[in-house]
Amino acid sequence: MITQYPHIFITKQLVTPEIGAAQLSLNLYKQHCKKMLESAEKEKTLGNNLYAQSSFDQAVDHYTKAIQLAPKDLSEVAVYYANRAAAYLALKEYQLVVEDCDKALELNSSYLKAILRRAQAHEELGNLKQALDE
């Protein structure tokens with residue numbers, strides 16, 4: 001009970017009544033997001049290495065893990081979608097390229113690589129007007 005025990009420890013962090021539960025929750029959320037982003041970045045790096053070795057299917061798997069791990073509202077997630085789109089482009093999965101580029105552009109509307117990859121996919125799909133509009 002906090003009134004009897006004014007200092008409690010949660011995940012190695014000293015919590016006092018002055019800090020309050022809301023601040024504690026925010027701090028724990030930030031720590032969680034940081035760890036998840038670090039894990040996502042590791043998956044992205046693995047995907048990049050596999051992409052460089054032309055192991056596109058395996059690269060897709062790692063980019064997918066990065067997308068699943070990362071907090072959804074971070075701009076870094078746009079890179080994961082665009083990287084996966086590049087792997088899909090190499091696999092000639094053009095509709096999946098468009099879908100991933102759309103998601104990347106929702107997160108970062110000026111992301112040039114996503115715009116260009118989506119245009120390439122539209123061209124391959126025969127959607128020439130959409131390709132030109134990009």
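Buried means under 20% relative accessible area, exposed over 50%, and partly exposed in between, with a 1.4 Å probe and protein chains only as cover. The model is predicted: local features need pLDDT of at least 70, side-chain atom pairs count only at pLDDT 80 or more, and totals for chains, interfaces and linings use all residues. Residues are numbered from 1 along each chain as its sequence is written, and side-chain values use heavy atoms, with hydrogens and water left out.

**Exercise 1. The cysteines**

Classify Cys-33 and Cys-101 as buried or exposed, then state how many disulfides the model has.

Solution. 
- Step 1: Cys-33 has a relative accessible area of 15%, so Cys-33 is buried.
- Step 2: Cys-101 has a relative accessible area of 0%, so Cys-101 is buried.
- Step 3: A disulfide is a pair of cysteine sulfur atoms within 2.5 Å. The count by this rule is 0.

**Exercise 2. The overall layout**

Describe the secondary structure, its order and the share of buried residues.

Solution. 
- Step 1: Helices (H or I, at least four residues) and strands (E, at least two) are DSSP runs, numbered from the N terminus. The protein has 6 helices and 2 strands.
- Step 2: Along the sequence the pattern reads β-β-α-α-α-α-α-α.
- Step 3: The protein has 134 residues, and 37% of them count as buried.
- Step 4: Contact means heavy atoms within 4.5 Å. Take the contacts with a separation of 6 or more: residues 24 or more positions apart account for 41% of them.

**Exercise 3. Helix H4**

Check the span of H4, then list its buried residues and what covers them.

Solution. 
- Step 1: The expected span of a helix is 1.5 Å times one less than its number of residues. H4 has 14 residues, and 20 Å is expected. From first C-alpha to last, H4 reaches 20 Å.
- Step 2: Tyr-94, Val-97, Val-98, Asp-100, Cys-101, Ala-104 and Leu-105 are the buried residues of H4.
- Step 3: The cover over these buried residues includes H3 and H5.
- Step 4: Take Asp-100, which lies in H4 (residues 94–107). Its relative accessibility is 2%, so Asp-100 counts as buried. Not counting residues up to four places away in sequence, Asp-100 touches Tyr-81, Arg-84, Ala-85 and Tyr-88.
- Step 5: Now take Val-97. Leaving aside neighbours within four places in sequence, Val-97 contacts Ala-85, Tyr-88, Leu-89, Arg-117 and Ala-121.

**Exercise 4. The nonpolar core**

Which residues of the largest nonpolar core touch the most other members, and which helix supplies the largest share?

Solution. 
- Step 1: A nonpolar core is a set of buried Ala, Val, Leu, Ile, Met, Phe, Trp, Tyr and Cys residues joined through side-chain atoms within 4.5 Å.
- Step 2: The largest core has 29 residues, of which Tyr-80, Ala-87, Val-97, Ala-104, Tyr-111 and Ala-114 touch the most other members.
- Step 3: H1 (20–52), H2 (56–69), H3 (76–90), H4 and H5 each supply at least two residues of this core.
- Step 4: H3 gives the largest share, 9 residues.

**Exercise 5. Helix H5**

Solution. 
- Step 1: In H5, Ala-114, Ile-115, Arg-117, Arg-118, Ala-119, Ala-121 and His-122 are buried.
- Step 2: Leu-116 and Cys-101 are 15 residues apart along the chain, and their C-alpha atoms are separated by 9.0 Å.
- Step 3: Gly-126 follows H5, with a positive phi near 85°.

**Exercise 6. Two loop residues**

Where are Ser-54 and Lys-92, and what are their phi values?

Solution. 
- Step 1: Ser-54 sits in the loop between H1 and H2. Its phi is positive, near 60°. Ser-54 is partly exposed, at 49% relative accessible area.
- Step 2: Lys-92 sits in the loop between H3 and H4. Its phi is positive, near 65°. Lys-92 is exposed, at 58% relative accessible area.
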